[in-house]
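Dear colleague,

Please find below the structure that I am handing over to you, with its sequence. My findings follow it.

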Amino acid sequence: MRILALIVVLLPLLPALATALSARARPLGTVSVVSGLATLAVAIVLTVHVGGGRRVHGLSGFLYLDPLSGFFLATIALVVALASVGSAAYVRAEEDRGELSPLQVRLYFIFFAIFASMMLASFETGSLGLLWVLIEASTLASCVLVGLEGKPRSLEAAWKYIIISSFGVTIALVGTLFLYLAASQIPGSPTEHLTWSYLFAHAAGLHAESLRLAFLLALIGYGTKVGLAPMHTWLPDAHSEAPSPASAMLSAALLNTGMYAIIRFQALTHAELGTHYAARILLIFGFASVIIGALFIVLRGNYKRLFAYSSVEHMGIISIALGFGGVLGLYGALLHTLTHAIGKAVLFLTSGDLVLRYRTRLIDDVRGVLKVTPLTGAVLLLAALAVAGSPPFGLFLSEFTIVRAGLARSSVVLVAALLVLLAIVFVALVGAVAQMVLGGFPDRPTDGPAYREPSARVLAGTPLVAGMVLLLLLGLWIPGGLDRLIMHSIHAIS
Amino acid sequence: MSALAVVESLSASSPEGVLLDLAAVTMLLCAFACLGSKLFDRYVIYYGAQSIVLSFGAAVVAIHQHDAGLWVLAGLTFAIKGIGIPYGTRHFLIDRFALKRDVSLSTGLSSSLIFGAFLTAFAFLAIRAGTVGNALVAEAVLPISTAVILLGALCMVVRRHTIAQLIGWLIIENGVFLGAIATVSTFPFIVEAGVFLDLVAAVLIMIAFVSGLARQLAEASAPELRQLTE
């Protein structure tokens, strides 16, 4: 299993190696698809292994996989697979139109590969120090993707992203430092004092004051990566300016990586500080994010920014679920992580088709998607309904679970406030997407088919259909294996 | 041996303690000097000087603890943060684009310095006595490192040029490293080396972005970065 853990990190790097042989989007895209699907297969094998409650240890705690790591590993590997297939089609289309030079094509596949690899590696380490290093490395790789087009707008977004994220993640490093300080009272080596499983086993001996500060700083630091308000300001810019498959990775994978770190820190606080301390802070940041997300979704304007603010809102919902706590709250948080990841990956991949076809990111300039490109239009509408929390899709089930957790463990007022905010988001998001999808042909001419070759069309459509089918299945039925995995994940952190 | 036990012997009155204290104070002065300047090459010089003093501080702790890993980090700090990054920033950005005077300040220099003084006082008041044990060098150094972090953040806020923001972030990072060596000596070497690698990669990417922005905009200054507002 240790070998597989290594392979799952190395496999996504194949396209980066292939750039030494070619700078053309077609062969590199093929390698990207193969490596993305192979990564998903290996990640599933690993997840099935740890899903029953087993652990994988090694390298003095630097390698560590438990069911929670397995859950996130499989979720992110799924997003990587969907985005790899989407990338193959998108980059080919951009190359055909002369929008990307050979150097940019190379850079795209190199940094996409490093981005995926670093994210997957961050779920496989037991060291909270190395976790920081890997999360920062994934941020840096994704920054290059955001600034890839080299236009003033994309460079501006990339600059904001790198400077705000690096500042935020530096705060998380200070949080990690305080955790290390909090652990100095318990026996063990310096390496063990940063090893999550060791700290979790000795959590009752951690120094309370330092731990309090460590959690707060880690939440603010990693919360910047997650996009929790008010540290979310980089997120809409970066998501709107990155190439769409990279936006899908940012929203559906990177944000969850930050959330994973927060969950690990939260689990360490329970024994010494009780559950209320972390819960209260998570609820505050969670509600702030849902409110900010809802406000900006109502404003509309640019559809990629709209989806980005929807990510801020959903990260807020996951925070709220963690704040509600208990088995139901954690179950809802994890299920929502998975369903949101799939839904948002699909939404951003459809936005790629729109960018290619309409050459605009403004909602008001996009009309009649259903007539112009029926598959993209249908998936866009269904995905928007799903992400807004409509039945029968998976996000409805996860949000329903979170609301039940709130009713069981928190106040009715908070749950009612959450429901009102969700209703506002539903109306605004579905309204904006319906305006783009429905209606007659657009007033302004479109740019011709998004994908010229039939094979590229199939590649672009596959992740959309696959994602929607998964979302529908998860709304109707949760497989026994997934249920066991989530329950064992909850057990691993409580 | 636990991390805190290692630094417990590093008391404020020991020769190493006095040296580390002195290094911390010099770093604080460098941060103030950076805040009080508006010439791009000065920013870089003060940052380089601060990093060299930091490497000296790391060497003092390395001598005290006979820690080979910390020696390596002290050497890396000297070579990369003290010389490499200042040289790279100067060569690839400041000289190449003939940048002289930072004109995009949101407040005057004197008000920035007064703000800085308030933040330093706040850092000393906020870090309560006894947080990490009495008579330890950490007790004096931790508030200073917090002040350096806050001054770096202030640099990022009051200076709007992308180079100034880059230097501000690097000053923050120096403050974090100073706090780390004074309180817990250091993280395990692999982690510390990873942090270093990330820093170098971040600086390289930032230099590439700033140079891209400088080519396309007149000033590469944050007020010009206003296309993405909603």
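Across all chains, the count comes to 13 salt bridges. Please bear in mind throughout that this is a predicted model.

Salt bridges in chain A

One of these salt bridges is formed by the side chains of A:Glu95 and A:Arg24, with an N to O distance of 3.8 Å. The two residues are 71 residues apart and belong to distant parts of the chain: A:Glu95 is in helix α4 (residues 67-96), while A:Arg24 is in the loop between α2 (14-18) and α3 (25-51). Their surroundings can be set side by side. A:Glu95 has a relative accessibility of 13% and therefore counts as buried, whereas A:Arg24, with a relative accessible area of 52%, is exposed.

A further salt bridge joins the side chains of A:Arg153 and A:Glu241, at 3.3 Å from N to O. A:Arg153 sits in helix α7 of chain A and A:Glu241 in helix α10 of chain A, so this pair ties together parts that lie 88 residues apart in sequence. Here A:Arg153 counts as partly exposed, at 33% relative accessibility, and A:Glu241 counts as buried, at 5%.

Helix α7 of chain A also holds the pair A:Lys160 and A:Glu156, whose side chains meet in a salt bridge of 3.4 Å, N to O. These two residues are four residues apart in the helix, which means that about one helical turn separates them. A:Glu156 is buried, with a relative accessible area of 1%. Through salt bridges that share partners, A:Glu156, A:Lys160, A:Asp237 and A:Arg305 are joined into one network.

The contact between the chains

Which chains bury about 3900 Å² between them? They are chain A and chain B, and carbon and sulfur atoms account for 75% of that area. In chain A, the residues that lose the most area to chain B are A:Glu156, A:Trp159 and A:Leu177, together 18% of what that side buries.

The contact draws 48 residues from chain A and 40 residues from chain B. Between the two chains there are zero salt bridges, and three residue pairs are in polar contact, with both residues at pLDDT 80 or more. On the side of chain A that touches chain B, the elements giving two or more residues are α6 (128-146), α7 (152-182), α10 (234-241) and α12 (303-324). The largest share of that side comes from α7(A), which gives 19 residues.

Chain B

Chain B has 230 residues, of which 54% are buried. Eight helices and zero strands are found in chain B, and its pattern along the sequence reads α-α-α-α-α-α-α-α. Among contacts in chain B between residues at least 6 apart in sequence, 78% join residues that are at least 24 apart. The chain exposes about 9100 Å², and 69% of this is supplied by carbon and sulfur atoms.

Helix α7 of chain B spans residues 162-183 and contains 22 residues. From its first C-alpha to its last it reaches 32 Å, close to the 32 Å expected at 1.5 Å a residue. Because 22 of the 22 residues of α7(B) are buried, this helix is largely enclosed by the rest of the structure.

Local features of chain A

Is A:Thr350 buried or exposed? A:Thr350 counts as buried, because its relative accessibility is 0%. The residue lies in helix α13 (residues 326-358) of chain A. A polar atom of the A:Thr350 side chain is 2.5 Å from the backbone oxygen of A:Leu347. Leaving aside residues up to four places away in sequence, A:Thr350 touches A:Thr376, A:Val379, A:Leu380 and A:Leu464.

Two cis peptide bonds may also be of interest. The bond from A:Ala229 to A:Pro230 is cis, with omega near 5 degrees, and A:Pro230 is in the loop between α9 (208-226) and α10 of chain A. The bond from A:Pro391 to A:Pro392 is cis, with omega near 5 degrees; A:Pro392 is in the loop between α15 (374-387) and α16 (394-409) of chain A.

Finally, A:Arg359 is a residue other than glycine with a positive phi, near 55 degrees. A:Arg359 is located in the loop between α13 and α14 (369-372) of chain A and, at 30% relative accessibility, counts as partly exposed.

With kind regards

Notes:
Residues are numbered from 1 along each chain as its sequence is written. Chains are lettered from A and ligands numbered from 1 in the order in which they are written. This is a predicted model: local features need pLDDT of at least 70, side-chain atom pairs count only at pLDDT 80 or more; totals for chains, interfaces and linings use all residues. Side-chain values use heavy atoms; hydrogens and water are left out. Buried means under 20% relative accessible area, exposed over 50%, partly exposed in between (1.4 Å probe, protein chains only). A polar contact is a pair of N or O atoms within 3.5 Å; within protein, one must be able to donate a hydrogen and the other to accept it, and residues adjacent in sequence count only if both atoms are side-chain atoms. Contact means heavy atoms within 4.5 Å. Accessible areas come from the Shrake-Rupley method with a 1.4 Å probe; for residues, only the protein chains shown count as cover. The expected span of a helix is 1.5 Å times one less than its number of residues. Buried area is the accessible area (1.4 Å probe) that two parts lose on being put together, summed over both. A salt bridge is a side-chain nitrogen of Lys or Arg within 4 Å of a carboxyl oxygen of Asp or Glu.
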